[in-house]
Amino acid sequence: NEYFRRFNQSVKLLLPIAFVGTVFLCLLNQPVLGLYGHDYLSDKSAYYIAMSALPVFVLANLYKINMVVREHQILMVIVSVVSSALLIIVLYLCLNNGIDAVQSYFWGQWAQILCILAFVMVRYKKDKNELIRNIDQ
């Protein structure tokens, strides 16, 4: 139970930091985009799509750490395959509907991250409930 308590504390600590970092990076869009060259300065929408995924990415990675610690390797392979397929599907759908290639990629990445987050959060809750049931017995 101590593990889950500390894990939840980590989530509560890192998520606000990720949100603040995202806002900070969004405010610095011109200098960051300028690092890639003058042609990229106008690509703000793709940049905002990518930056908005950062807090979700941080959260998904925290829950993936739980899967490593709890030794769910088979599920991790399944998550990788399914989320990668989803990225390709969303990318294809976006491109087919005339969405810019860079934006399409970041929308696909969003879908991939949300898929990973869904899988790992469900597994986390199952692990936590299983531990609680074992403690109650």
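Helix α1 (residues 2-27) packs against helix α3 at an angle of about 170°, with the two axes 9 Å apart. The axes are lines fitted to C-alpha atoms, for helices over the stretch in contact, and the angles run from 0 to 180 degrees between N-to-C directions. Helices (H or I, at least four residues) and strands (E, at least two) are DSSP runs, numbered from the N terminus. The two helices α1 and α3 are therefore roughly antiparallel to each other; angles over 145 degrees count as roughly antiparallel, under 35 as roughly parallel, 65 to 115 as roughly perpendicular and the rest as oblique. The model is a predicted one, in which local features need pLDDT of at least 70 and side-chain atom pairs count only at pLDDT 80 or more, while totals for chains, interfaces and linings use all residues. Residues are numbered from 1 along each chain as its sequence is written, and side-chain values use heavy atoms, with hydrogens and water left out.

On the α1 side, Thr22, Leu25 and Cys26 meet Tyr47, Tyr48, Met51 and Ser52 of α3, where contact means heavy atoms within 4.5 Å. By class, this contact of α1 with α3 has five nonpolar, two polar and no charged residues. In this classification Ala, Val, Leu, Ile, Met, Phe, Trp, Tyr, Cys and Pro count as nonpolar, Asp, Glu, Lys and Arg as charged, and the others, Gly among them, as polar.

Helix α3 (residues 44-52) also packs against α6, at an angle of about 10° and with the axes 9 Å apart. That angle makes α3 roughly parallel to α6. The crossing of α3 past α6 is left-handed; a crossing is left-handed if the near helix is turned anticlockwise from the far one by less than a right angle, and right-handed if clockwise. Ser45, Ala46, Ile49, Ala50 and Ser52 of α3 make the contact with Val102, Gln103, Phe106, Trp107 and Trp110 of α6.

From α5, Leu75, Val79, Val82, Ser83, Ser84, Leu86, Leu87, Val90, Leu91, Cys94 and Leu95 take part. They meet Ala101, Ser104, Tyr105, Trp107, Gly108, Gln109, Ala111, Gln112, Cys115, Ile116, Phe119 and Arg123 in α6. The contact of α5 with α6 has 16 nonpolar, six polar and one charged residues.

Not counting residues up to four places away in sequence, Ser104 touches Leu91, Cys94, Leu95 and Ile99. Ser104 and Met51 are 53 residues apart in sequence, and their C-alpha atoms are 14 Å apart in space.

Asp127 is also placed in α6 and is buried, with a relative accessible area of 2%. Apart from neighbours within four places in sequence, Asp127 is in contact with Phe4, Asn66, Arg70 and His72. Lys128, likewise found in α6, is partly exposed, with a relative accessible area of 25%. With neighbours within four places in sequence set aside, the contacts of Lys128 are Phe4 and Asn8. The C-alpha atoms of Lys128 and Asn1 are separated by 7.9 Å, although these residues are 127 apart along the chain.

Asn29 counts as buried at 8% relative accessibility. Lys44, Tyr47 and Tyr48 are touched by Asn29, residues up to four places away in sequence not being counted.

The structure holds zero disulfides, a disulfide being a pair of cysteine sulfur atoms within 2.5 Å. For Cys26, the closest cysteine sulfur is that of Cys94, 19 Å from its own and too far for a bond. For Cys115, the closest cysteine sulfur is also in Cys94, at 16 Å, again too far for a bond. Cys115 counts as buried at 12% relative accessibility.

Technical notes: Buried means under 20% relative accessible area, exposed over 50%, partly exposed in between (1.4 Å probe, protein chains only).
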